[in-house]
Amino acid sequence: MTGTRQRSLHQAAVDQFQRAADLIDLNEAYREILSYPKNEIIVNFPVALDDGTRKVFTGYRIQHNNLLGPYKGGLRFHQDVDLDEVKALAAWMTFKTALVGVPFGGAKGGVTIDPAGYSDDEMRRVVRRFTHALGSNIGPDHDIPAPDMGTSSKTMDWVMDTYANISPPGFRHSVKGVVTGKSIEVGGSVGREEATGRGVLYSLRHWCGETGSRLDELTAAVQGFGNVGGHFCELAAEAGVTITGVSDHTGTITNEDGIDIAKLRLWSAENGGIDGFPGAEAVDTEALFALPIDVFVPAALENQITVERAAKLRCSLIIEAANGPTAADAEPILADRAIEIVPDILANAGGVIVSYFEWLQNKSARAWSFADVDERLRDLVWQAHDRVVERRRQLDCTRREAAYVVALDRIADVYDRRGIFP
Ligand code: NAD
């Protein structure tokens, strides 16, 4: 992606929060602090491959800010991962955790690798060696990774196990909270796997409440059918939303009567992607962006809604399930066309919210019920939306700007009280 990226993603992330900072006249020192990550950790580590050779991989952990709590954010395994991308993703985490009021800062990490090109054994060695290379730069009260693109509960189980094994014997059971998104058997939380998709659906429900719309009258198209997109589709379809278009890295499909999502999930699991699904028509990638729908849900990569696609979209709402899916220069076009955006730091915060619940459960050695997790998730998503609506009304700004303002209000208040060391 580096070659095709028009401009720095991190700079775009900085510009985003600076626009909101202007609205509240944020202190210059806080602006400058938030424009840089606190720590940029880059590790190059060798891994034994199945054929007996060794390959050196590059991994990153960017710790953006820890004013409100330990650094928190996912690990991405993708061939396009680079320093600029991880810096942007880390900054967005700081604003996301502040916005929804969980006691964490922001971080992100990743390895430049295409997981599809390696065996399960090779991936396990990559994860263990990367975790070992990060060493004490992560920790349950310091920096807590979670899944993101290309990683899963299996990855988190390996990170936790490696971290436990390099911890002193007396601490091996108290370090479970070094990562969230683990499998339930290993110390994960019920409801974490689908939490981001569920949070996206709660965001859609909130918008329905604001606009007097009904879920069972809405049509939607979704880009990405992985953890976030797949779970969102499943939950939204159960709630009555008609999903008429879906894409993933293998193809794009449409069915104007609605795609049978349960069948598509099975197909995708068996075939490694949605391509060839018999219950829909295969179309060109660009067709997804021209479907007549109510809601477009990007749930894959950054910068997918470009200027050209913004001009083509035929929807009234974009819910940003992915991080940074809307290119900065596309946003004015969407505004002119009265296409509303529920921004990423609000729409996809369900994952970090339930990660917080998992961390609390690990700390207290307790397991919550699904009902407990779900009710508290809904409350936190709902409260964040309510605060954003209120700040938007006061400042007469976009929903994205208002979301950043809510986050910056909280960060600035704590900086004011604590001061800047020394
Ligand atoms: P994933 O790896 O589970 O799934 C990614 C999906 O995107 C796959 O279906 C893949 O085929 C698809 N994809 C990749 N390239 C594509 C392309 N060019 N066109 C269409 N589809 C493409 O990843 P995920 O965890 O679902 O993450 C998706 C997005 O959500 C990312 O932006 C991530 O940062 C964000 N996010 C994830 C979580 C989480 O809890 N997993 C939380 C918050 C935000």
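What share of the 422 residues in the chain is buried? Buried residues make up 56% of them. Do keep in mind as you browse that this is a predicted model. Here is a quick tour, from the overall fold down to one glycine.

**Overall fold**
- The chain's secondary structure amounts to 14 helices and twelve strands.
- Its radius of gyration is 21 Å, close to the 22 Å from the globule rule for 422 residues, so the chain is as compact as a globular protein of that length.
- Along the principal axes, the C-alpha atoms fill a box of roughly 55 × 55 × 45 Å.
- Among contacts with a separation of 6 or more, 68% join residues 24 or more positions apart.

**Surface and charge**
- You will find 44 positive and 59 negative side chains, with the centres of the two sets 6 Å apart.

**Helix H14**
- Helix H14 covers residues 399–418, and at 1.5 Å a residue its 20 residues should span 28 Å; the end C-alpha atoms are 29 Å apart, which agrees.
- Glycine 419 follows H14 and has a positive phi, near 80°.

**A look at glycine 197**
- Glycine 197 sits in helix H6, which runs over residues 195–211.
- Its relative accessibility is 0%, so glycine 197 counts as buried, the cut-off being under 20%.
- Beyond its neighbours within four places in sequence, glycine 197 is in contact with Val228, His231, Phe232 and Leu235.
- Aspartate 84 is 113 residues away from glycine 197 along the chain, and their C-alpha atoms are separated by 26 Å.

Note on methods
Residues are numbered from 1 along each chain as its sequence is written. This is a predicted model: local features need pLDDT of at least 70, side-chain atom pairs count only at pLDDT 80 or more; totals for chains, interfaces and linings use all residues. Side-chain values use heavy atoms; hydrogens and water are left out. Helices (H or I, at least four residues) and strands (E, at least two) are DSSP runs, numbered from the N terminus. The radius of gyration is taken over C-alpha atoms; the globule rule is 2.2 Å times the number of residues to the power 0.38. Buried means under 20% relative accessible area, exposed over 50%, partly exposed in between (1.4 Å probe, protein chains only). Contact means heavy atoms within 4.5 Å. Lys and Arg count as positive and Asp and Glu as negative; His and the chain ends are not counted. The place of a charge is taken as NZ of Lys, CZ of Arg, CG of Asp or CD of Glu. The expected span of a helix is 1.5 Å times one less than its number of residues.
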